[in-house]
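Dear colleague,

My notes on what was found in it follow directly after.

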Amino acid sequence: MVITMDLYELKNICKEMAALGAATIVQGNAPSKDMVSQREAYRLFKEMRVRRWVEQGLVTPQRNSASPNSKRFYSLVELQSCNSAEMLKPIINRG
């Protein structure tokens with residue numbers, strides 16, 4: 001199977017992967033900086049998309065305490081990975 005894409009698409013893919021690599025380094029060096037609140041995740045990636053990723057098991061929310069009402073936090077690397085995968089899927093499955 002041959003995948004053809006414009007130079008613009010390839011440039012954007014490289015840019016996304018570089019950003020994802022940088023976020024992964026931040027996650028390894030300072031794990032607390034990798035976490036964003038549920039509200040922030042919804043703002044950055046849209047609520048329905050984040051909910052769908054959670055339902056599909058692609059993203060796992062975490063809580064800081066055992067209380068059922070405590071804030072949910074998401075890994076920014078996981079969210080960016082899902083976002084990049086969704087953007088690449090139509091390009092790769094084209095044809």
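Of the 95 residues of the protein chain, 26% count as buried, where buried means under 20% relative accessible area, exposed means over 50%, and partly exposed covers what lies in between, with a 1.4 Å probe and protein chains only. Please keep in mind that this is a predicted model, in which local features need pLDDT of at least 70 and side-chain atom pairs count only at pLDDT 80 or more, while totals for chains, interfaces and linings use all residues. Residues are numbered from 1 along each chain as its sequence is written, and side-chain values use heavy atoms, with hydrogens and water left out.

The protein chain has 5 helices and 3 strands, and from the N terminus on these elements run α-α-β-α-α-β-β-α; helices (H or I, at least four residues) and strands (E, at least two) are DSSP runs, numbered from the N terminus. Taken along the principal axes, the C-alpha atoms of the protein chain fill a box of roughly 50 × 30 × 20 Å. Among contacts between residues at least 6 apart in sequence, 67% join residues at least 24 apart, a contact being heavy atoms within 4.5 Å.

On the sheet: the 3 strands form an open sheet in the order β1-β3-β2, with antiparallel pairing, and two strands are said to pair if DSSP finds at least two bridges between them. The edge strands, each of which pairs on one side only, are β1 (35–37) and β2 (62–63). Between β1 and β3 there are 3 bridges, and V36 stands opposite Y74 in β3.

On the helices: helix α3 (residues 38–45) and helix α4 (residues 47–55) pack at an angle of about 115 degrees, with their axes 7 Å apart. This makes α3 roughly perpendicular to α4. The axes are lines fitted to C-alpha atoms, for helices over the stretch in contact, and the angles run from 0 to 180 degrees between N-to-C directions; angles under 35 degrees count as roughly parallel, over 145 as roughly antiparallel, 65 to 115 as roughly perpendicular and the rest as oblique. In this contact A41, Y42 and F45 in α3 meet E47, R49, V50, R51 and W53 in α4, which by class gives 5 nonpolar, no polar and 3 charged residues. For these classes, Ala, Val, Leu, Ile, Met, Phe, Trp, Tyr, Cys and Pro count as nonpolar, Asp, Glu, Lys and Arg as charged, and the others, Gly among them, as polar.

Helix α3 also lies across β1 and β3, running at about 90 degrees to β1. In the loop between α3 and α4 sits K46, which has a positive phi of about 75 degrees although it is not a glycine. Most residues other than glycine have a negative phi. With 53% relative accessibility, K46 counts as exposed.

Helices α4 and α5 pack at an angle of about 100 degrees, with their axes 11 Å apart, and that makes α4 roughly perpendicular to α5. Here R49, V50, R52 and W53 in α4 meet L79, C82, N83 and E86 in α5, and the residues of this contact divide into 4 nonpolar, 1 polar and 3 charged.

Which residues make up the largest nonpolar core? This core has 11 residues, namely V36, A41, Y42, F45, V50, W53, V59, Y74, L76, L79 and C82, a nonpolar core being a set of buried Ala, Val, Leu, Ile, Met, Phe, Trp, Tyr and Cys residues joined through side-chain atoms within 4.5 Å. The elements that give two or more residues to this core are α3, α4 and α5 (76–92). Leaving aside its neighbours within four places in sequence, L76 is in contact with D34, V36, L44 and F45.

Two further residues may interest you. S84 lies in helix α5 and, at 3% relative accessibility, counts as buried; beyond four places in sequence, S84 is in contact with E16 and M17. Q27 is found in helix α1 (residues 7–29) and, at 29% relative accessibility, counts as partly exposed. Although Q27 and S75 are 48 residues apart in sequence, they are 8.4 Å apart in space, C-alpha to C-alpha, and Q27 touches D34, S75 and V77, not counting residues up to four places away in sequence.

With kind regards
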